[in-house]
Amino acid sequence: MGSLFRSAEMTLCQLFLQSEAAYACVSELGELGLVQFRDLNPDVNVFQRKFVNEVRRCDEMERKLRYLEKEIKKDEIPMLDTGENPEAPQPREMIDLEATFEKLENELREVNQNAEALKRNFLELTELKQILRKTQVFFDEHEGGTNPTESMTRALISEDSIARQTGPVQLGCPEKQYDPEEYYPCFVAGVILRERIPAFERMLWRACRGNVFLRQAEIETPLEDPSTGDQVYKSVFIIFFQGDQLKTRVKKICEGFRATLYPCPEAPADRREMAMGVMTRIEDLNTVLGQTQDHRHRVLVAAAKNIKNWFVKVRKIKAIYHTLNLFNLDVTQKCLIAECWVPVLDLENIQLALRRGTERSGSSVPPILNRMDTPEDPPTYNHTNKFTTAFQALYDSYGIASYREMNPTPYTIITFPFLFAIMFGDFGHGTLMALFGVWMVMNEKPLAAKKSDNEIWNIFFGGRYIIMLMGFFSMYTGLIYNDVFAKSLNIFGSSWKVTNVTKDYVLNMQTEHMLDPASADYVGYPYPFGLDPVWQLSKNKIIFLNSFKMKLSIIIGITHMLFGVAISYFKNMHFNNRLNIICEFIPQVIFLSFLFFYMVILMFIKWFKYFASNDRTYIHLGTRCAPSILITFINMVLNKETPFEDICITSDMYPGQMVIQKILLFCAFVCIPWMLLAKPLMIQRARKAASLHLVNHNQLHSATENGDAEQSIHNNTSQTPVAQGQDEMDEEPMSEIYIHQGIHTIEYVLGSISHTASYLRLWALSLAHAQLSEVLWGMVLNKGLTVEGWAGGVALYIIFAVWGALTISILVLMEGLSAFLHTLRLHWVEFCSKFYSGAGYAFQPFSFEVILDAAGQIKEE
């Protein structure tokens, strides 16, 4: 239980491990997760440490596993996660793992390369098939000519040249036109990306000066890029031209636009024959591709069954060798030496883990764990569970507590949801929040197993117990405020009654009714629990609630701050720091109590003494003569009397009030120089006494060396002032102590005023939440309730959905977040500033669980 209110007691230990047993022992400590190792080789480069080769081998294995995982995800194969946590394999098993991963990677890369080559071949054949099909359409359009390309040729040859020719027009290269046997057509065909067609056409026209004829047709079905696997859209084109110069130019343009050119025979019979051959080869390729994909799928399915466990094993091996690199070797190179922080209460568990590791390794030399004395501050380790983890995280994000400092988390489990509920007090909204929290708590195991990568959801789920408690406390304060979705519950019957009011008056009442507790409408006893529901209908509702919630905020705020100051007493007592108790705690309590807690006492006196009454006999105890707490407090600080009417007799709430207030004010003002000067003066006095003691000791020591004093004066007690004097040489200068204490005093005095005012946010946010709830009811849901007839049902259905969405999004989520942040600020600034130093550093043990969770989060990102 001590570690709940204070961080666990830590000790620095020295660990001696035999080289053969070091791996197994560190593995057992990693499973235990209670040891934080220190780096004993801070000046050694990471590439020059003993086990750097093993770490590199693990990095290489992890790279291969990531490659396998990427391929498995690409094929959308589910990876089996049994939830098992396999132990770290022995060092000799690394060779088997490396061989397995090497074989899988090589096999998969070979399959991928073959599949890519087959897909590229398949793409080329598919494009060639499309070219043969589309160009056949081009040629069929001109079958009526003596030559299939005659009409196309006419676009490339001038009319004068056609008129001078005696034979049929032929399209061919000039040097081959005189030899019809060796004639071949001057055209090229190919495939290009569809989005490049417009630019391709413009470039051909400009580069060839319009002396080419281009036809293109789109390929309807998308084609798969073998390199990226993306679906791309392409078009078939055919270009007719004359001469080798144009041919060279056209081919360069095609190359620049990354168009793929394919051979295309001119003769229809040749095209048909080629098309049949292409179709046969495509069918064969489809068969081979199917077999290749089946083989790849079988390899990946087999790997998917074990890849999770492989990742765990490799990461554990890597973590062990990385930790072993922090160790130091002894002179004989047979023993590894480590230094580590461990919790004192867990020393026995650590010894058992080391013993198990030694037995696993088969070593005959047991490990040695020695406690060491050190002047260093140990790390802070707070034991947490799934319930307290979220509350502890609130303070860890503000600052890690100093070693053995009071841990405010146990108190925050109550104060945090309570302060939140004061600002969020609504039974309906609190019920929604509590139900959400209870649902997450009841289903925490299946929800945690999903391991969502949604950051907002992870924040909600991590704080599920905070949300649940905030909801329950909001339900309680909602009943106190009697506020349920801007309406009130009349459970016990109102303590007000209606007198001398007719039915017509009520129906024709233009404004809300003013409640006067001095009238006969009030029956004389209060509503049993919370606010009377009749205040919901009163005209002076806001005035009454403002006064009530404002005083409630001040009372809770000052109590909260006094509790923080009280915690500082137990903190100083634990560290045996009596100087801080005398010079800081006592004046702080006096200053805060004699001024601000006195104001709280005046509130209770006013509530008990004064009451609403129209009786002239008790008019001096009525609301007219009740003094204002704020005016009374201001006049107390200014040392002035509070003015009052003659009929009130006096402004004092109790006899001797002015004398007591002057005494309290004087005591509070005396505390300011007390806090400012007492501690520095006492430190200065102690230093002078210590230095005088040191001078006397040095004189006695020199006299002894000269034979002027007896040898018997040299005893153990005379050495203590020497050491003390040497330690004080490194102490903080007195000027800095005065400055630090001055800052601390100013901060506390002014902070007491500002922090008290800061707690008024409890009243302000509570009022804002209630008003927003009323606005949503009056301007949204109330509109649906006023529609009559069958249309009212339809309108109410729609309006209720809108009201529900606005309620959840604005009043529950946005207002809830606002109240959460304000509550967090009250705990961080107003509460923690009274006692919490937060100058420690977190205990970060070597734990496989933490390492694997961190690796999983990095992978998800």
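A helix axis here is a line fitted to C-alpha atoms over the stretch in contact, and angles between axes run from 0 to 180 degrees between N-to-C directions. With that in hand, look at this predicted model. The chain holds 27 helices and eleven strands. Of its 861 residues, 43% are buried. Take the contacts between residues at least 6 apart in sequence: 81% of them join residues at least 24 apart.

**Two crossing helices**

- Start with helix 14 (residues 427-442) and helix 16 (residues 455-462), whose axes come within 10 Å.
- These axes cross at roughly 90 degrees.
- Angles of 65 to 115 degrees count as roughly perpendicular, and helix 14 and helix 16 are therefore roughly perpendicular to each other.
- Which residues in helix 14 meet helix 16? They are F436, W439 and M440.
- On the side of helix 16, the residues in this contact are W457, F460 and F461.
- Sorted by class, the contact has six nonpolar residues, no polar residues and no charged residues.

- Strand 10 covers residues 335-343, and nine of its nine residues are buried.
- In a regular strand, side chains alternate between the two faces of the sheet.
- One side of strand 10 carries C335, I337, E339, W341 and P343, which are all buried.
- Strand 1 (residues 10-18) pairs with strand 10 in the antiparallel sense, over nine bridges.
- Within strand 10, C340 stands opposite C13.
- Strand 2 (residues 36-37) also runs antiparallel to strand 10, and two bridges join them.
- What is the bridge partner of Q36 in strand 10? The partner is W341.
- Strand 9 (residues 328-329) is joined to strand 10 by two bridges, again in the antiparallel sense.
- L336 in strand 10 has L329 opposite.

**Transmembrane regions in the record**

- An unreviewed UniProt entry lists residues 413-439, 459-481, 552-570, 585-605, 658-678, 762-782 and 794-814 as "transmembrane region".
- Residues 585-605 are 100% helix and 0% strand in the model.
- The end C-alpha atoms of residues 585-605 are 28 Å apart.
- Residues 762-782 are also 100% helix and 0% strand.
- For residues 762-782, the end C-alpha atoms lie 28 Å apart.

- Most residues other than glycine have a negative phi.
- N482 has a positive phi of about 55 degrees, although N482 is not a glycine.
- Where does N482 lie? Its place is the loop between helix 17 (464-481) and helix 18 (503-507).
- Buried means under 20% relative accessible area; N482 has 6%, so N482 is buried.
- N576 is another residue other than glycine with a positive phi, near 55 degrees.
- The loop between helix 19 (541-574) and helix 20 (578-609) holds N576.
- Is N576 buried or exposed? Exposed means over 50% relative accessible area; N576 has 54%, so N576 is exposed.

Key: Residues are numbered from 1 along each chain as its sequence is written. This is a predicted model: local features need pLDDT of at least 70, side-chain atom pairs count only at pLDDT 80 or more; totals for chains, interfaces and linings use all residues. Side-chain values use heavy atoms; hydrogens and water are left out. Helices (H or I, at least four residues) and strands (E, at least two) are DSSP runs, numbered from the N terminus. Angles under 35 degrees count as roughly parallel, over 145 as roughly antiparallel, 65 to 115 as roughly perpendicular and the rest as oblique. Contact means heavy atoms within 4.5 Å. Ala, Val, Leu, Ile, Met, Phe, Trp, Tyr, Cys and Pro count as nonpolar, Asp, Glu, Lys and Arg as charged, and the others, Gly among them, as polar. UniProt positions are given in the numbering used here, feature names are shortened, and annotations may be inferred rather than shown by experiment. Buried means under 20% relative accessible area, exposed over 50%, partly exposed in between (1.4 Å probe, protein chains only). Two strands pair if DSSP finds at least two bridges between them.
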